[in-house]
Amino acid sequence: MTAIKHALQRDIFTPNDERLLSIVNVCKAGKKKRNCFLCATVTTERPVQVNVVKVKKSDKGDFYKRQTAWALRDLAVVDAKDAVKESPEFDLHFDKVYKWVASSSVEKNTFISCIWKLNQRYLRKKIDFINVSSQLLEESVPSGENQSVAGGDEEAVDEYQELNAREEQDIEIMMEGCEYAISNAEAFAEKLSRELQVLDGANIQSIMASEKQVNILMKLLDEALKEVDQIELKLSSYEEMLQSVKEQMDQISESNHLIHLSNTNNVKLLSEIEFLVNHMDLAKGHIKALQEGDLTSSRGIEACTNAADALLQCMNVALRPGHDMLHAVKQQQQRFSDLREQFARRLASHLNSVFVQQGHDQSSTLAQHSVELTLPNHHPFHRDLLRYAKLMEWLKNTDYGKYEGLTKNYMDYLSRLYEREIKDFFEVAKIKMTGTTREGKKFATLPRKESAVKQETESLHGSSGKLTGSTSSLNKLSVQSSGNRRSQSSSLLDMGNMSASDLDVADRTKFDKIFEQVLSELEPLCLAEQDFISKFFKLQQHQNISGTTTNEAEEMDGVHLSRSYSSGVPQTISSEKDMIRQMMTKIFRCIEPELNNLIALGDKIDSFNSLYMLVKMSHHVWTAQNVDPASFLSTTLGNVLVTVKRNFDKCISNQMKQMDEVKISKKSKVGILPFVAEFEEFAALAESIFKNAERRGDLDKAYIKLIRAVFVSVEKVANESQKTPRDVVMMENFHHIFATLSRLKISCLEAEKKEAKQKYTDHLQSYVIYSLGQPLEKLNHFFEGVEARVAQGIREEEVSYQLAFNKQELRKVIKEYPGKEVKKGLDNLYKKVDKHLCEEENLLQVVWHSMQDEFIRQYKHFEGLIARCYPGSGITMEFTIQDILDYCSSIAQSH
């Protein structure tokens, strides 16, 4: 502890002109922290200041640092905890109570004793020593008034003192004169003792010799002592005077403290008043704007907006604790509330009148759009209202009830306005499609432009209009057979087919343009209104999709909207994105029903219109989802797309049903089946429509269903055919299917194309073999017998020795088939094939060439048997292969 005391004195207190008198090693009671030291110090300069200093070891090294210091005059109580039992705990009461635990009771008692001494010496004030042993305080009482507290402490300094340089030199000289000092210490000590006695005697003799000087010195000492006593008396009086001065200075210091405290309070009060004045004072110009500002001009709207923002800032100022209890503050807040209510009421009334006025102006422009397939532009209306966007935001933040009322009024009025516009718009679209209004009115009652629409529509649809469930040209094909078509005049038939085809193409092209124009007009209308709602009503458009469906949104109205709030304070709603979609659903509630009616009309006009609608609607849905997948437009078009997809699936189902219901005439040959031709037309039309379309997958699925149904129906008709052989029906129709798929190059039907080719090839071969049969029947029977003998084990060269198959029998059979008879048989075969085949597919030459090859194959087979079984006989057929080729060629040319 002594080493630590010296280190602390050297490193901490000496630089500060302080003296360390006592030290105790302590830690805080109840906490496990590193130990520190409490030091009792006094200053070396007068007036003496007594302090209690807390010293702590640094975390970054082994040195100590001064942490806290308390003036001893601020110490009120010293509590030793227990006066009887030894305890290391004690408390020091300064500005608050500090609880300490000393490392030992001895250190604690020493430190408390030092505090008591310092209090008695320097402070002369009453410090309460509680639970301190009276014996400890009694032992600490000083023996005289002039005894220094520090003196007792200095006696505790270690007795050991190092030798200085001169003392070390004298000892070395002495030891050099006595060489035996190290070996015989006793002799050296006796010598030193004798010399010391000699020196003492000499000193006594010298003193006795100078007795006179001693008496003079004693007299001087007595006089010096008297002077010291006088000085001490003066010092005591000075000290008493300084003590009174100290008390006066303490009083002055306390008075200065009170003055400083008063000044501080005045400054704080001034700051609070300035805060209230600066933040809760509304300019007269703002008050006038809120009460009388012009809400019709741009300058007046800007002034009202600035005044409303200033009012909101004054109302939302963060008052400090206690401000709300001031009467002036309450009055100002009430004034602000009255201004807010008055301006909110005036603003809501004006905006309602703006809605009505703008709606009337918009309605006046409807007449010019009624005969054209366009929707009125609401941009001027939106532009005028957006001037009030900041005021709407203010109203939303200050008076949500009026904001909600304006929202409901806007939805109610705009829904009626848009409903009139959209219904008129769809009415014009239906007129352009069908030539009649939805109520069945004639065009005589329509304006001149609508009469032109009527004439154009009647030229396309005919006088009665075309409202059939399927395409007329395909139905005509399904009714007529190939025989009936050949019986009619070819020129009239071609003209009739051309006009019907042109009518279908014109109808579909016109419908496609009208439907695309309808969607192109609706899309910007909805997007513009949604953007306006977001900006005007201050609703952010987030990209995350809410779980609310469109059907749920359709049930949304002002009542449902108001249920999300109570007492004008907005509660938590799903998202502002839902509110935008709900408002859009309320305003445009008629779009989805009108679109569904238009789609139903298009499907009724021509079921193939569903292909156009599916492509167009898919493209617009894809575009809307890229912009905002949760928007009203995306949701509505998605719902309508489901209806279009159902109509498309219904169209495919009807085509398959028609295939199943096809009836073939028993008296005429079949030819190309109607549904095969319909599939060709459907595929060609679909490929032109679905080029680069987003919903190509739906068409591919429909292709698979249709082609499989075509395959099944072709086989069914072929099995039921009585006039035309089954192989011919299969061959011609699958050849037509293969040609169609090869021309259109539909990637998803590659497997069906290969299957169609295989079926065509198989049935062609089957028909050729079946129709050709055995043109040399007796010769066929003869060689069948020859082959049977060879199969029984007779060698081929020995067959001619059989009685029934000798050379004479062979020559008889060959003579029955001269070239003339063969040509006649082939001619009859050609006529038979010509009866079976239809003209549309033009497979006669293909079949005839296949029969020629089959006949030549049989001929070569017979020649081979003759060469092997009748070698060297010189027997040959009466016609050659070249004769067969000539016969077939001349027969084909003659027909």
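Trainee: Is Lys616 buried, exposed or partly exposed?
Mentor: This is a predicted model, and the call rests on relative accessible area. Buried means under 20%, and exposed means over 50%. Lys616 has a relative accessible area of 23%, so this residue is partly exposed.

Trainee: Which residues is Lys616 in contact with, leaving aside its neighbours within four places in sequence?
Mentor: Start with its place: Lys616 is found in helix 22, residues 609-627. Contact means heavy atoms within 4.5 Å. With the sequence neighbours within four places set aside, the contacts of Lys616 are Asp512, Phe515, Glu516 and Leu519.

Trainee: How many Å apart in space are Lys616 and Glu694, C-alpha to C-alpha?
Mentor: In sequence, 78 residues separate Lys616 and Glu694. In space, C-alpha to C-alpha, the distance is 9.4 Å.

Trainee: What span should helix 20 have at 1.5 Å a residue, and how far apart are its end C-alpha atoms?
Mentor: Helix 20 covers residues 576-587, which is 12 residues. The expected span is 1.5 Å times one less than the number of residues.

Trainee: Why is helix 20 called largely enclosed by the rest of the structure?
Mentor: Look at which residues are buried. Among them are Lys577, Asp578, Arg581 and Lys586, along with Met579 and Ile580. Helix 20 is largely enclosed because the buried residues number 11 of the 12.

Trainee: Which strands stand at the edges of the open sheet?
Mentor: The sheet has 8 strands in the order 4-3-2-1-7-6-5-8, with mixed pairing.

Trainee: Do strand 1 and strand 7 run parallel or antiparallel?
Mentor: Strand 1 spans residues 18-28 and strand 7 spans residues 97-102. Cys27 stands opposite Val101 in strand 7. The two strands are joined by 3 bridges, and their direction is antiparallel.

Trainee: What angle does the direction of helix 2 make with that of strand 1?
Mentor: Helix 1 (residues 2-13) lies across strands including strand 1 and strand 4, at about 115 degrees to strand 1. Helix 2 (residues 105-123) also packs on the sheet, touching strand 7 and strand 8 among others. Its direction makes an angle with that of strand 1 of about 140 degrees.

Technical notes: Residues are numbered from 1 along each chain as its sequence is written. This is a predicted model: local features need pLDDT of at least 70, side-chain atom pairs count only at pLDDT 80 or more; totals for chains, interfaces and linings use all residues. Side-chain values use heavy atoms; hydrogens and water are left out. Two strands pair if DSSP finds at least two bridges between them. Helices (H or I, at least four residues) and strands (E, at least two) are DSSP runs, numbered from the N terminus. Axes are lines fitted to C-alpha atoms, for helices over the stretch in contact, and angles run from 0 to 180 degrees between N-to-C directions. Buried means under 20% relative accessible area, exposed over 50%, partly exposed in between (1.4 Å probe, protein chains only).
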